[in-house]
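Student: Please show me the sequence and the structure. I would like to go through the architecture by question and answer.

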Amino acid sequence: MNRVLAIARKEFIHITRDRRLLATILLMPLIQLFLFSYALSFNVKNIPTAVLDQDNSTYSRQYVSALQQSDYFTVNRDLSSMSQVNGVFAQNQANVVVVLSPTFGSDIAAGRLGAVQLLIDGSDPNTAQVAQGYAAALSAVFGGRVAISRAQAKGVSTSGAAGITPSIRTWYNPEGRSANYFIPGLIVILLTTVTIQQTALTLVREKENGTYEQLVVSPIRRIELMVGKIAPWALIGALEVIIVSAIGIFVFQIPFRGSVLLFALGSLLYVICTLGLGLIVSARASSVETANQLSALLAVLPGFMLSGFIFPIANLPIVLQAVSYIFPTRYFMVITRTIFLKGGSFAVLWPQFAALAVFAVAIIVLAAASYRERA
Amino acid sequence: MSLFGNRKQAVPQAETLGDDAIVVSKLRKTFGDFVAVDSIDLTVKRGEIFGFLGPNGSGKTTTIRMLCGVIEPSGGTATVMGYDICKDPEKVRCNIGYMSQKFSLFQDLTVDENLRFYSGLYGLTAEKYAERRAYILKMADLEGRETELTKNLSVGWKQRLALGCATLHEPKLIFLDEPTSGVDPTARRQFWELLYDLANDGVALFVTTHYMDEATHCNRLAFIYRGDIIAAGTPQEVKAGLAKDTILRLDVDDGEGALAALQGNSAVAEAYMQGASLQVNIGHLSADEADLPAVLGSAGFLVHGVERVEPTLEDAFVHLVTEQGGRA
């Protein structure tokens, strides 16, 4: 036990002496937090919109003001001819152009469908897709409203005969805030990078400096060395989870609806996996550089690409979807997001917990084996 | 350590150990087809400075690693401080000190932090640590520099601090793997003074070195070549193997050229450069019989002087290696 403490204390001194490392550990989470929460907003609101109203009737003006009143579109240009559309897109003045046909008002007045053409700048597919959805919903609502008012004008009671009005409600994240989605994901990513990368480096660095030679001729056991080396990083990982969670909850107002205990248990299982992966890299890599690259690959690939952090796993190619199953990150991502946003219980999350537990055991066995044979 | 470990350790060591710190018998290590160490025997006594010499790749480090209980031998036995290296490697590691040419100190830790770390590693009590720390700081001439970062120390100080860390737990046997490589002559001399002090206190020292002048400081030597010990004994005994040979030092302008000209000459047993002069072993011939100035003169090399010299350890090792080379 004394020997484990001696190693752990020494590791902490290394960390505090290395300013660049210290900055990485402390600032990286904050930078990523603000980057993902502000700069990389995936919310689509206030889409710049231009309108070409070829009709200029009561109905067409009503339609445009309905657009304007929604939070999703900001009408900032009125066009007078189709020839202007290209210029508007090319100069990024608007992402959406709404074209109302010259017969829009008269068609509706006659009980026919009013034609609205929607031109969307597809160079930003995400915004384009969202804008299309909103516009379609808005048109449907507008159409419903017109039908109802026409029925009332004809003296028909609308109390029972009102058209079906779609009512969209997003559960768990009603405002559709990307912070709610990203911060729990970011916690997973930070935990992954810090623990894998730093444990991967810790032993290799010692081998390169020749101090490892000195350690193996001392009475320390391999297991004591392993525990002493990874304990500080487990602690730092836990600290980062707490800090980022706290900033997320108190500054960005993201919800935490589940059990703290369950989240702690999930984090523990996951950290065992990542620390083990780091140790495997450390035992296998021949130099600090190799360890750095290998661990970055291990942390970034499953962390960013295959965890569902940015790209939904269901949208990945089938092969990559299959690959994502062999990294523990995707399971912990589900656990974290579910506990933060939905408050899921163990009854719901047990398959993910079971998967993490299997990974933890397998990785530790593998780490111990490769450590024994290489070190 | 556990209670059980302590009980086992209570077996009276000093009696069973006797005078020998290391006893090696038929020790062998192979890596695949490669024989790194080929059935060597050696004994190191307490309080003895034992020099373990040999060219790079001859099996020195492999032997040390086996004796430290880091790697398992492929065959043979060895007892280090009374413990079998195969059965009790942990006990072996508790009872030895080790210092390598890299001075395995943590560069970003201070002098004190390094000492404290090794103290924790070897489980010293607080009182013991305080006592040893004071002693080592004095020994290494580092008093007042406890809070300095190790990387800011110059080589000589680093080397003495490394020795301090290796002896913190007061081992009775220390392995020193080329401890003085890259250290200036003054610091080397100071360092050897410290080694003599340790030996006087009854500590056995197992030293590998490239420096022949250092080898002569050892009580006994073993010369390992291609995994085999090809000579052992006191420095005098090792040199005595060459006592009947005549070794001449020639003062020639073009030493390298003259060396080439002597290749294949039947009178010449061995020839090699020693600094700027040419060293030639002519076996049992006399200087007149070999008449090297005439031989070289006819080849176009002017010899300014010939001097008979006493064989040095270096001569002895060149001789041994040449013999081995001829045999192989």
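**Sheet, cores and chain contacts**

Tutor: In chain A, 4 strands make an open sheet of mixed pairing, in the order 2-1-3-4. Strands (E, at least two residues) and helices (H or I, at least four) are DSSP runs numbered from the N terminus, and two strands pair if DSSP finds at least two bridges between them. This is a predicted model, in which local features need pLDDT of at least 70 and side-chain atom pairs count only at pLDDT 80 or more, while totals for chains, interfaces and linings use all residues. Residues are numbered from 1 along each chain as its sequence is written, and chains are lettered from A and ligands numbered from 1 in the order in which they are written.

Student: In which sense do strand 1 and strand 2 of chain A pair?

Tutor: Strand 1 covers residues 47–53 of chain A. Ala50(A) stands opposite Arg77(A) in strand 2 of chain A. Over 5 bridges, the sense of the pairing between strand 1 and strand 2 is parallel.

Student: At what angle does helix 3 of chain A run to strand 2 of chain A?

Tutor: Helix 3 (residues 58–69) of chain A lies across strand 1, strand 2 and strand 3 (96–100). Axes are lines fitted to C-alpha atoms, for helices over the stretch in contact (C-beta atoms, placed from the backbone, within 7 Å). Angles run from 0 to 180 degrees between N-to-C directions. For helix 3 and strand 2 of chain A, the angle is about 130°.

Student: Which element gives the most to the side of chain B that touches chain A?

Tutor: 18 residues of chain B are in contact with 17 residues of chain A. Elements giving two or more residues to the chain B side are helix 4 (89–94), strand 6 (96–100) and helix 5 (111–121) of chain B. The most, 4 residues, comes from helix 5 of chain B.

Student: How many residues are in the largest nonpolar core?

Tutor: A nonpolar core is a set of buried Ala, Val, Leu, Ile, Met, Phe, Trp, Tyr and Cys residues joined through C-beta atoms within 7 Å; buried means 20 or more other C-beta atoms within 10 Å of a residue's own. Val80(B), Leu173(B), Leu205(B) and Phe206(B) touch the most other members of the largest core. Its size is 131 residues.

How values were computed: Contact = placed C-beta atoms within 7 Å. Buried ≥ 20, exposed ≤ 12 C-beta atoms within 10 Å, placed from the backbone.
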